[in-house]
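Could you walk me through this model, one question at a time?

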Amino acid sequence: MKKRKHVISLKDLSPQETLDIINRGIEYSEGNVVQGEQLKGKVIGIYFKKTSTRTRTAFTTAALRLGAQVIAYGPNDLQVNTGETMDDTLAVLSRMLDGLVLRTAESPAILRAFANQERMSIVNAMTEDEHPTQALADLTTIKQHFGKLSGLEIVYLGEGNNTTTALALGIAKFPNMKISFFTPQNYNIDPMLLNYAKEEAAKRNTVIEEFHDLSNLPKRADIVYTTRWQTTGTTKPDANWRELFEPFTVTQELMHQFPNAIFMHDLPAHRGDEVEASVIDGVKSIVFDQAENKAHSAKAVLEWCMR
Ligand code: CP
């Protein structure tokens, strides 16, 4: 039996593997691939314990378009709801499925513990601390838009969350990039993962930095990126959190500081919170190309894992 691979954390992928997935996603996005045979005969489970519009649809359509059969499990469908352990659940599913795309509330540790087996690919469709397939789709969109990754500078404003962590881990694999994260005090990126990303980045002359003070905004940016303030499935302990977040809204005024920058957002968006409507709906916004590329990148991920 051919061994199956996993996408659980971007820490596990080499720079070349990451680039291969990005380049393949671009090929799919540009319609350069005949689809339908890549995953023929495969059965893929899609198990989302939390809400999703894009990621769930992206992986489901990707699997179907590449010829796989799909079983979709809703949050209440499996016996984990009646007390069966995730370990047992994954052990059973691995005897029947070729791949499982999973969004859970837990940390990736439970997925990683199970990644020793090679019967069934596991794709992390978002855990508490990382959203690796979002970063793969984002880097696909960025490389497609600019024709390169090297030399690009990104400014991120908003919460330090699973998308920002994945973005940092992804960018760390490529040379001569820069990302400056601006996060509210106490809503920062996981320090351990950020430090890991910084160290990896430094090996390639890439800069990853985090500030809480907007006076540190750089002079130039090619991309301004934000995410919604209330990350899926999370709540904020501080009742006055909005006051802390408001300075980090992406406004037209901020975009004017970066006249050549495009705007990106992983969606879902809350216009008037993290971004002004005129920015996300304006000419510099590529958010729906970005969303579409989740489906093309999902094809690249599934193909890389299972072929
Ligand atoms: N960006 C993203 O992960 O969207 P969904 O939560 O809708 O999947």
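Predicted model: local features only at pLDDT ≥ 70, side-chain atom pairs only at ≥ 80, totals over all residues.

Reader: How is the chain divided into domains, and how far apart are the C-alpha centres of domain 1 and domain 2?
Author: The bounds come from an automatic or database domain assignment. Domain 1 takes in 10-131 + 294-306, and domain 2 covers 134-291. Their C-alpha centres are separated by 25 Å.

Reader: What area is buried between domain 1 and domain 2?
Author: Contact here means heavy atoms within 4.5 Å, and 27 residues of domain 1 touch 27 residues of domain 2 in this way. Buried area is the accessible area (1.4 Å probe) that two parts lose on being put together, summed over both. Carbon and sulfur atoms give 63% of the area between the two domains, which is about 2400 Å².

Reader: Which helix gives the largest share of the side of domain 1 that touches domain 2?
Author: Helices (H or I, at least four residues) and strands (E, at least two) are DSSP runs, numbered from the N terminus. Two or more residues on this side come from each of helix H1 (15-29) and helix H11 (287-306). The largest share, nine residues, belongs to H1.

Reader: How many salt bridges cross that interface, and how many does the structure hold?
Author: A salt bridge is a side-chain nitrogen of Lys or Arg within 4 Å of a carboxyl oxygen of Asp or Glu. By that rule, zero are found between domain 1 and domain 2. The structure holds 13.

Reader: Which parts does the salt bridge of Asp12 and Arg112 tie together?
Author: The two side chains meet at 3.0 Å, N to O. The pair ties together parts 100 residues apart in sequence, because Asp12 is in the segment before H1 and Arg112 is in helix H4 (residues 109-114).

Reader: Now the ligand: which residue has a side-chain N or O atom 2.6 Å from a ligand oxygen?
Author: Residues around the ligand (a heavy atom within 4 Å) include Thr53, Arg54, Arg103 and Lys294. Backbone atoms take part too: an N or O atom of Thr53 is 2.7 Å from a ligand oxygen, and a polar backbone atom of Arg54 is 2.9 Å from one. The side-chain atom at 2.6 Å belongs to Ser52.

Reader: Which two residues are joined by a cis peptide bond?
Author: Most residues other than glycine have a negative phi, and most peptide bonds are trans. Pro268 sits in the loop between strand S9 (262-265) and helix H10 (277-280). With omega about 5°, the cis bond joins Leu267 and Pro268.

Reader: What is the phi of Asn205, and where is this residue?
Author: Asn205 is in the loop between helix H7 (191-202) and strand S7 (207-211). Although Asn205 is not a glycine, its phi is positive, at about 60°.

Reader: Last one: how far apart are the C-alpha atoms of Glu209 and Ser180?
Author: Glu209 belongs to strand S7. Leaving aside neighbours within four places in sequence, its contacts include Lys178, Phe181 and Lys198. Glu209 and Ser180 are 29 residues apart along the chain, and their C-alpha atoms are separated by 5.0 Å.

Conventions. Residues numbered from 1 in each chain as written. Heavy atoms only, no water. Polar contact = N/O pair within 3.5 Å; in protein donor to acceptor, adjacent residues only side chain to side chain.
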